[in-house]
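Have the sequence and the 3D view ready.

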Amino acid sequence: MSHYDPVFVEIQDLRTELNREELKISGDIKERVKNIEELMMARERFCADHTSDSSVEVQAIANETLDHPWNELFQEGKIKFNMKTSMMSGNVTGCFLQFLVSSSKAKTVLEIGTFTGCSALRMAEVLPPDGKVTTCDFDPYVVEFARKWVDTSPHGNKIEILLGYAKETLPDLAKKGSKFDFIFIDADKKRYVDYFKICLDSLLAQGGTMAIDNAMFYGTAYAEKPRGLYGDHTRQFNEAVKQRQDICHVLLPVRDGIMLVRRKTDIHG
């Protein structure tokens, strides 16, 4: 979580500033700021250490993702977007998704934003034998990468990967009458509002749940001086969720923020 949290980044910047000799800051103050930074990192490590491990197959995908030359591939024009390893769902997020999917007894899952297939496989692992994850991504290289690696798992046959831009794939699924018990959105932040609306209005099954990742996006959703990209889009998405009167929603500070959404009719007795 640390590098997603603007507080952590500010503390790092403050430590650097306090170490300037001409400021003559006392050693005690420097030590206290250092302790704050270390406590935040310790909390993150503690959560990671007390979360169930991923499967061997998921860990293999994670390792290959971390070692892959994404920047070189982008420079060579082999991928459409300069992929970052931080786009991969980490173990805490992956395990959280498994809890959500399994506890909801979902059989059909829609994922918007495949990347290398870690989260798709995590969710497929907890589906029943006749369950299915439909995941989509716009880049042919990463779709091929994900297909290769999820197929190393006995749960790979539960995963369908659709190649194409979500702005086209989602309306196509809606026209076919497809419905999903669980929907996970983790894709282009500029289109989060559009994805949220079509998923809620046309693709989410009765009794279903939606989870939207990066709902705080490096603090851009709430910081007065947003860091990073997509600040306006992140805020617009959160406001669009807040304005809906037909849903219940909760924003959790897991990793970079996960928004959970359900219809009121599926919650209230």
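## The largest pocket

The largest pocket holds about 1,000 Å³ of space. To find pockets, a 1 Å grid is laid over the protein atoms alone: a pocket is an open set of points with protein on both sides within 12 Å along at least five of seven lines, while a cavity is a set where a 1.4 Å probe fits but cannot get out. Points are joined across faces, edges and corners, and the volume is the space filled by probe spheres set on them. This is a predicted model, where local features need pLDDT of at least 70 and side-chain atom pairs pLDDT 80 or more, though totals for chains, interfaces and linings use all residues. Residues are numbered from 1 along each chain as its sequence is written, and side-chain values use heavy atoms, leaving out hydrogens and water.

Who lines this pocket? There are 42 lining residues (each with an atom within 4 Å of a point), and F81, M87, A187, D188 and K189 lie nearest the centre. Two or more residues come from each of β1, α6, β2 (132-137) and α8 (166-175); these labels are DSSP runs numbered from the N terminus, with helices (H or I) of at least four residues and strands (E) of at least two. By class, the lining has 19 nonpolar, 10 polar and 13 charged residues. Here Ala, Val, Leu, Ile, Met, Phe, Trp, Tyr, Cys and Pro are nonpolar, Asp, Glu, Lys and Arg are charged, and the others, Gly among them, are polar.

K189, Y192, N214, T234 and F237 line the largest cavity.

## The nonpolar core

A nonpolar core is a set of buried Ala, Val, Leu, Ile, Met, Phe, Trp, Tyr and Cys residues joined through side-chain atoms within 4.5 Å. Buried means under 20% relative accessible area, exposed over 50%, and partly exposed in between (1.4 Å probe, protein chains only). The largest core has 35 residues, and W70, M123, V133, I159 and F182 touch the most other members. Helix α7 gives the largest share, six residues. Apart from this core lies another of 28 residues, including L162 and I247.

## Strand β4

Five of the six residues in β4 are buried. Strand β4 pairs in the parallel sense with β1 (residues 108-112) over four bridges, where pairing takes at least two DSSP bridges. Here E111 stands opposite F184. Strand β4 also pairs in the parallel sense with β5 (residues 204-212), over five bridges, and F180 has L204 as its bridge partner there.
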